[in-house]
Amino acid sequence: MPFSARSPFPPIDEYAFLSDCETTCLIAPNGAVEWMCMPRPDSPSVFGAILDRSAGHFRVGPYGQNVPAQRVYRPGGLIVETTWQTETGWLLVQDCLVMGRWHNTDKRSKTHRRQPTDWDAEHVLLRIVKCVSGTVEVEVTCEPAFDYHRRPTKWEYTGEVYEEATATCEGSADGSQPTLKLTTNMRLGLEGPDANARTRMVEGDEAFVALSWSPLPAPQTQEEADQKMWQTSECWRQWLTIGKFPDHPWRGYLQQSALALKGLTYAPTGALMAAATTSLPETPGGVRNWDYRYAWVRDSTFALWGLHTLGLDREANNFFHFLSDVAVDEAGTPQTLQVMYSVGGEKTLTEFELPHLSGYDYARPVRIGNGAFDQRQHDVWGAMLDSVYLHVRSREHVPEALWPILKKQVEEAIENWKLPDRGIWEVRGEPQHFTSSKVFCWVALDRGTKLAILHGEKEHAIRWKKIADEIHADICANGIDERGVFTQRYGAPALDASALMMPLLRFLPADDPRIKATVLAIADELTVDGLVLRYKVEETDDGLEGEEGTFTICSFWLVSALVEIGELRRAKQLCERLLAFASPLKLYAEEIDTRTGRHLGNFPQAFTHLALINAVVHVIRAEQDHAAGEFQPAH
């Protein structure tokens, strides 16, 4: 903007993230839900103020005040507590997406393909208000904007008096659009597209507001609301208790990252989203705005690295079942994996724009869908096979149903490794011979060989090992410059942060001079204020204009790589700095602007949180084991 002005959009990193593993939402510091899609996280938005200030919100808080005293997650779960101090009193607001005991006891679920668990989403956004001191005037404003603000809202009373109202739009009757029910022990008023309430609370008073969108009952009394809040907290605590977290000052970052990854899973199918949002810009006011509400095979399998590191590997089984669903055709014949799928397993993710929305902080266009779904990206097979091997090697058994799919991915890597592709960063310029893509093709053959041995397929193992050696030699001959540094692509000197994964993938030993030279070159030459860029935009034909911030996952990769090559002190210093950039609720978007500390890109970002887990555990283990010389990498 040509002049200094306070943006009406909150900073990305100041949003709170809630999930019930079927629906997600983001809550701004002023207490307004500004992003929520239903019934699925990739459905059209109902509250979309994060992308346009008129595109719907749902606020609960003190009247006339927008800045809270404090916001924290309740320990052990995705329940956010906001404390408000007004001139006359103190107020506490607790928000959650309700989790309850499994409820499909008389009829099977129409959406769940994975095995039923003890807990399930109740399709209720619950907000409990407590006046803890003095007197506070509380307001509730619920203004849905259905279908990305393309369909008008109609409210009507559906309760006996003023305790319940229902919002619909064109399409609600046939189920193509959701029906919203607002239930409260306050008195609702209906004004056009708004449902609102206002009441004066004194010390000890409690109230609740519940927004529901399925036949499951919302709480009708304060006692029922408190019970649902407690059971949601218990669900998250039980899940987190399974994990193995080190007794270390950074434990809280690990737990919050694990919760973020769990919150980005879609329980009915086992899919894992890259992020909860669409079109949050990678450059302020720029055009690098993408829809990340889908399951990237690469991002998901990397996320499983992080959860496995913490002993939370049950989600891996569900994700592999999800891959089994999408990697075969209707006749059950194995197919090559796409780059990404919808959370329901749909394969076509046509990209289009929503010109009626202003975009976050006026960054346009706002995009829905993702045109990269049919790109050629040769890293997908290796990422998937590496994750499968990570999880089955301890069991010394490859599931019989999964073997044909694994074999198909190895064959795809064999067929395509000599061809150019779009690379790990999904560039929209011309295909290139990206070094990281070749490395992941080697990973596909190397892990495929190990899986074949586990499965008793010795002939496949011998043949695949030979091809793996051929790919390895090709990379070492063509993907390296005269300094002994691995480059972004064959025949060009440009650096790329994806090369930091080479020691993590065991392409070469960490003490190999080429690995050390590559890690140090990236640390010294591909950084801005010490944080890592994916690549230099002026050296890479990515088909886009404008600059981008430093990619936080790449900086965490650098932490892990520095530990691997023995630069523990430098790694710890960088890790401490990265943790200092965390949002007030210990969440991360995709990028960080080093000049301002602002988070950029979609939020929260699974890729970033999985890399955080890997990097932090690398540093902790290296510190603990350094003296004994027994360092074990995070994965």
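Which helices each supply at least two residues of the lining of the second largest cavity? Four do: helix H4 (297-309), helix H10 (501-504), helix H12 (552-564) and helix H14 (606-625). The model behind this answer is predicted.

## The chain as a whole

The protein chain holds 14 helices and 26 strands. Its radius of gyration is 25 Å, close to the 26 Å that the globule rule gives for 635 residues, so the chain is as compact as a globular protein of that length. Along the principal axes, the C-alpha atoms fill a box of roughly 75 × 55 × 50 Å.

Burial comes next. Of the 635 residues, 63% count as buried. The accessible surface comes to about 24,500 Å². Carbon and sulfur atoms account for 48% of that surface.

## Enclosed spaces

Rolling a probe the size of a water molecule over the atoms shows where empty space is left. In the whole structure, a search finds six cavities of 30 Å³ or more. The largest cavity contains about 290 Å³ of space. Its lining has 22 residues, and the closest to its centre are Tyr 292, Trp 425, Glu 426, Arg 534 and Glu 590. By type, the lining of the largest cavity divides into 11 nonpolar, two polar and nine charged residues.

The second largest cavity contains about 80 Å³. Phe 302, Trp 305, Met 501, Leu 504, Phe 556, Trp 557, Ser 560, Leu 610, Ala 611 and Asn 614 line this cavity. The lining of the second largest cavity has eight nonpolar residues, two polar and no charged. Helices H4, H10, H12 and H14 each supply at least two of the lining residues.

## Open pockets

The largest pocket has about 860 Å³ of space. It is lined by 35 residues. Nearest its centre lie Lys 110, Thr 111, His 123, Ser 214 and Pro 215. Strands E4 and E9 each supply at least two residues of this lining.

The second largest pocket has a volume of about 600 Å³. Its lining counts 28 residues, of which Thr 117, Trp 119, Trp 239, Lys 262 and Glu 315 lie nearest the centre. Which elements each supply at least two residues of the lining of the second largest pocket? They are E9, helix H2 (222-241), strand E16 (265-266) and helix H5 (314-326). H5 gives the largest share, five residues.

| Space | Volume | Lining residues by type |
|---|---|---|
| Largest cavity | about 290 Å³ | 11 nonpolar, two polar, nine charged |
| Second largest cavity | about 80 Å³ | eight nonpolar, two polar, no charged |
| Largest pocket | about 860 Å³ | 10 nonpolar, 16 polar, nine charged |
| Second largest pocket | about 600 Å³ | 13 nonpolar, eight polar, seven charged |

## Backbone details

Most residues other than glycine have a negative phi, and most peptide bonds are trans. Some places in this chain depart from that pattern.

The bond from Met 38 to Pro 39 is cis, with omega near 10 degrees. Pro 39 sits in the loop between strand E3 (32-37) and strand E4 (45-47). The bond from Arg 364 to Pro 365 is also cis, with omega near 10 degrees. Pro 365 belongs to the loop between strand E20 (352-353) and strand E21 (367-368).

Phi is the other topic. His 123 is not a glycine, yet it has a positive phi of about 60 degrees. Its place is in strand E9 (residues 119-143). Is His 123 buried or exposed? It has 14% relative accessibility, and buried means under 20%, so His 123 counts as buried. His 123 is also among the residues nearest the centre of the largest pocket.

Tyr 148 is not a glycine either, and its phi is positive at about 55 degrees. Tyr 148 lies in helix H1 (residues 146-149). At 3% relative accessibility, Tyr 148 counts as buried.

Methods. Residues are numbered from 1 along each chain as its sequence is written. This is a predicted model: local features need pLDDT of at least 70, side-chain atom pairs count only at pLDDT 80 or more; totals for chains, interfaces and linings use all residues. Side-chain values use heavy atoms; hydrogens and water are left out. On a 1 Å grid over the protein atoms alone, a cavity is a set of points where a 1.4 Å probe fits but cannot get out, and a pocket is an open set with protein on both sides within 12 Å along at least five of seven lines; lining residues have an atom within 4 Å of a point. Grid points are joined across faces, edges and corners, and a volume is the space filled by probe spheres set on the points. Ala, Val, Leu, Ile, Met, Phe, Trp, Tyr, Cys and Pro count as nonpolar, Asp, Glu, Lys and Arg as charged, and the others, Gly among them, as polar. The radius of gyration is taken over C-alpha atoms; the globule rule is 2.2 Å times the number of residues to the power 0.38. Buried means under 20% relative accessible area, exposed over 50%, partly exposed in between (1.4 Å probe, protein chains only). Accessible areas come from the Shrake-Rupley method with a 1.4 Å probe; for residues, only the protein chains shown count as cover.
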